[in-house]
Amino acid sequence: YFEQALRVCREIGERLIEGATLSNLGLIAYAEGNYASARDYYLQALAVCREIGDRQGEGIAFNNLGLISHAHGDYVVALDEYQQALALSREVGDRQGESETLAYLGLLYHHLGDDDRAVEFCYETMTIAAEVGSLVLLDATDFFLRDAADVGKVLTREKQGGYKEDATRSAFYMPLTKGFPRNTEVETTITLTGDAAGEYIRSVT
């Protein structure tokens, strides 16, 4: 169907639809694992978008090319293509495209072993996705950094002092915070502060 559509577009000079059709053909080839054909289609789509001045289409093409390079392990090339896609998305105000590229950059930096940068990009893409309405973003920091085991209450009940969680001295422990297809595991380090330490506290400090 897309091959037929491509021929018709070229016959009647529908360049915008031609570019979109080439991108769709690239997506099909990519899904089939035929990366060489996919890259060829994406490069053709990029050329068409440049010819007609479709800057948003250029950004989509660079994003798709980045996916190919990323899948091949060509991380340096993928980084350059993603960055070009990101710049184009921001230039034309394509917030959805910007969000998608930031997500891919996050994954790329994870594969490069830079999880700090990966987290930054993932947080940014979630923020934008929440703005454009493609997901709901909830700040669960207070939920995770709470005294879930009620240690403070236990210490008070045992007359060991008055303690409560100190958010300024608590944090997420990223090495053991993991995302899985059906669940997410979050590890935190919680600090309790207080006074009038009892025998239990003195025995471990």
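**Entry 1: α6 against α7**

I began with the residues through which α6 meets α7, taking contact to mean heavy atoms within 4.5 Å. On the α6 side I listed Arg95, Gln96, Glu98, Ser99, Glu100, Leu102, Ala103, Leu105, Gly106, Tyr109 and His110, and on the α7 side Asp115, Arg117, Ala118, Phe121, Cys122, Glu124, Thr125, Ile128, Ala129, Glu131 and Val132. By class, I noted ten nonpolar, five polar and seven charged residues in this contact, where Ala, Val, Leu, Ile, Met, Phe, Trp, Tyr, Cys and Pro count as nonpolar, Asp, Glu, Lys and Arg as charged, and the others, Gly among them, as polar.

I record here that this is a predicted model, in which local features need pLDDT of at least 70 and side-chain atom pairs count only at pLDDT 80 or more, while totals for chains, interfaces and linings use all residues. Residues are numbered from 1 along each chain as its sequence is written, and side-chain values use heavy atoms, with hydrogens and water left out.

For the geometry, I found that the axes of α6 (residues 95-111) and α7 come within 8 Å and cross at roughly 160°; these axes are lines fitted to C-alpha atoms, for helices over the stretch in contact, and the angles run from 0 to 180 degrees between N-to-C directions. This makes α6 roughly antiparallel to α7, a label that applies to angles over 145 degrees, with under 35 called roughly parallel, 65 to 115 roughly perpendicular and the rest oblique. The crossing of α6 and α7 is left-handed, meaning that the near helix is turned anticlockwise from the far one by less than a right angle, whereas clockwise would be right-handed.

**Entry 2: α5 against α6**

I then looked at α5 (residues 75-92), which packs with α6 at an angle of about 160°, their axes being 9 Å apart. That angle makes α5 roughly antiparallel to α6, and the crossing of this pair is left-handed. From α5 the contact draws on Tyr75, Ala78, Leu79, Tyr82, Ala85, Leu86, Ser89 and Arg90, and from α6 on Gly97, Glu98, Thr101, Leu102, Tyr104, Leu105, Leu108, Tyr109 and His111. I noted eleven nonpolar, four polar and two charged residues in the contact of α5 with α6.

**Entry 3: Gly133**

I placed Gly133 in the loop between α7 (115-132) and α8 (141-144). Gly133 is exposed at 59% relative accessible area, where exposed is over 50%, buried under 20% and partly exposed in between (1.4 Å probe, protein chains only). Its C-alpha atom is separated by 9.6 Å from that of Gln96, 37 residues apart along the chain.

**Entry 4: cysteines**

I looked for disulfides, pairs of cysteine sulfur atoms within 2.5 Å, and the structure holds zero. For Cys9, the nearest cysteine sulfur is that of Cys49, 13 Å away, which is too far for a bond. Cys9 counts as buried at 6% relative accessibility, and Cys49 is likewise buried at 6%.

**Entry 5: positive phi**

Most residues other than glycine have a negative phi. I therefore noted Asp150, not a glycine, with a positive phi of about 55°, and partly exposed with a relative accessible area of 35%. Asp150 is in the loop between α8 and α9 (151-157). Lys159, in the loop between α9 and β1 (162-165), has a positive phi near 60° and counts as exposed at 73%.

Technical notes:
Helices (H or I, at least four residues) and strands (E, at least two) are DSSP runs, numbered from the N terminus.
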